[in-house]
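Here are my notes for a first look at this model. Please keep the structure open beside them.

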Amino acid sequence: MMFKAFLIKYGEIGLKGKNRYLFEDALMRQIRFALNGTGEFEVSKEQGRIFVDFTSDYDYDEVLERLGRVFGIVAICPVVHCDDNRWENLTKVVGDYMDAVYPDKAFTFKVESRRADKNYPKKSMEISADMGEYLLDRFPQAKVDVHNPQILLNIEIRQKTYIYSLSIPGPGGMPVGTNGKAMLLLSGGIDSPVAGYMIAKRGVRIDATYFHAPPYTSERAKEKVIDLAKIVARYAGPIKLNIVNFTDIQMAIYEKCPHDELTIIMRRYMMKIAEYIAKKDGCLGLVTGESIGQVASQTMQSLAATNAVCTMPVYRPVIGFDKNDIVEVSQKIGAFETSILPYEDCCTIFVAKHPVTKPNIRAIERSEFHLADVIDELVETAITTREVLICE
């Protein structure tokens, strides 16, 4: 394996001033977690750079795939070390690197150097000019193009020298865990896994709550949601998944409330239960996959009626997305094929033929009054009997 190390570049973290080290440390923790089991490696930082150095054999493609799921990384640069910084040795290492990585030598290139070790006898501009001259002598077909080169060769001279020219895009965002924790209402659909991915990309650690309704929903529907949680966890880190049995609450709503209000009232109790669990687990908000106008329960009036039962903020990362936008993200993160499996969740069982699209909150509250004799006990039972899984 030619590459024994990777230079990790970050974006927004560089703007964090005196607190930057906290974000760098969080990113390093996420990198260590992501690469666990790939081989022996060390993660370190030096002067605004994060390095992953492998001390054993590893699977190059697997490492790139795992690093490509770590939020906070904007670019992954496979690098070659040069432990002996003497000029004769450095030129040979750089020449061998270019020879191995680029079989076709008819390329244009530019050399950019950074001399972090100020004791090195050549300055950055000298390094770039002299290395460019050496490469032209070694590869006569190559040409220098300082404005629009096909290859940008980077040389960073530290205690040892790092050489790289490849830059593989990362997912961007902020390291998970740097912006608190939130509770995701996770269903078996397309939208909520995307919402979880997007909120995690902003540095939020997520727990999740899924509402299961046996026998109206099968064990396959439950397994589908667990699989989706595992897919999101590849990016967000381990997810604590709360599986709440919602059947008795749904039946009570179905029997005692107007059928055109079923979906709104069920959503309100889902939000109440999710918020209760979220507060117990130290979450700072709820996250849903709702998008304005997509279905009857997601009109502005319906969202207002749902929000009215919550005391903590409700975050909706895909609120302004078209369905095609959501599907595109779902496909990118590998959740789409699982999301479209034909196992229905509890939201799709008790659906009115003509659901209310502009609910009046006072009317909804009056309808919920019919549940007063049973609902508290049903909610408490649902919370205390929930199943808790760690998905990773």
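Where do Arg362 and Glu365 lie, and how many residues apart are they? Both are in helix α12, three residues apart, about one turn of the helix.

This is a predicted model: local features need pLDDT of at least 70, side-chain atom pairs count only at pLDDT 80 or more, and totals for chains, interfaces and linings use all residues. Residues are numbered from 1 along each chain as its sequence is written, and side-chain values use heavy atoms, with hydrogens and water left out.

1. Arg362 and Glu365 form a salt bridge, with the closest N and O atoms 3.3 Å apart. The term means a side-chain nitrogen of Lys or Arg within 4 Å of a carboxyl oxygen of Asp or Glu. Helices (H or I, at least four residues) and strands (E, at least two) are DSSP runs, numbered from the N terminus. Arg362 counts as exposed because its relative accessibility is 52%. Glu365, at 36%, counts as partly exposed. The cut-offs are these: buried is under 20% relative accessible area, exposed is over 50%, and partly exposed is in between (1.4 Å probe, protein chains only).

2. Across the whole structure, a search finds 26 salt bridges. One of them joins Arg268 to Glu368, with the closest N and O atoms 2.6 Å apart. Arg268 is in helix α8 (residues 262–280) and Glu368 in helix α12 (residues 361–368), so distant parts of the chain, 100 residues apart, are linked. Arg268 counts as buried, at 2% relative accessibility. Glu368 is buried too, with a relative accessible area of 9%.

3. **A salt bridge between loops.** Look next at Arg316 and Glu290. Their closest N and O atoms are 2.5 Å apart, in a salt bridge. Arg316 lies in the loop between β14 and α10 (323–332), and Glu290 in the loop between β13 and α9 (300–307), so the pair ties together parts 26 residues apart in sequence. Arg316 is buried, with a relative accessible area of 13%. Glu290 counts as buried at 2% relative accessibility.

4. **A charged network.** Salt bridges also link Arg20, Glu24, Asp25 and Lys45 in a network. Side chains of opposite charge can pair when their charged atoms come close.

5. **The six-stranded sheet.** The order of this open sheet is β14-β13-β10-β11-β12-β15, and its pairing is mixed. Strands pair if DSSP finds at least two bridges between them. At the edges stand β14 (314–315) and β15 (387–391), each with a single partner strand, so one side of each has no neighbour in the sheet. Strand β13 (residues 286–287) runs parallel to β14, joined by two bridges. Val287 has Tyr315 in β14 as its bridge partner.

6. **Strand β7 and its partners.** Is β7 (residues 151–157) mostly covered or mostly open? Mostly covered: six of its seven residues are buried. Strand β5 (residues 108–115) pairs with β7 in the parallel sense over seven bridges. Lys110 stands opposite Leu152 in β7. Strand β8 (residues 161–164) runs antiparallel to β7, joined by four bridges. Asn154 has Tyr164 in β8 as its bridge partner. Three residues lie between β7 and β8, which form a hairpin.

7. **Aromatic pairs.** The whole structure holds 15 aromatic pairs. Rings of Phe, Tyr and Trp (its six-membered ring) pair if their centres lie within 6.5 Å; planes under 30 degrees apart count as stacked, over 60 as edge-to-face and the rest as tilted. Tyr197 and Tyr235 form an edge-to-face pair, 5.2 Å centre to centre with 90° between the planes. Tyr197 lies in helix α5 (residues 191–201) and Tyr235 in helix α6 (residues 219–236), so the pair ties together parts 38 residues apart in sequence. Tyr197 and Tyr235 are buried. Elsewhere, ring pairs link Phe3, Phe6, Phe41, Phe54, Tyr58, Tyr60 and Tyr97 into a cluster.

8. **Charges over rings.** The charged end of Lys16 sits over the ring of Phe23, 5.1 Å from its centre. The charged end of Lys122 sits over the ring of Trp87, 4.7 Å from its centre. The test is NZ of Lys or CZ of Arg within 6 Å of the ring centre and within 35 degrees of the ring normal.
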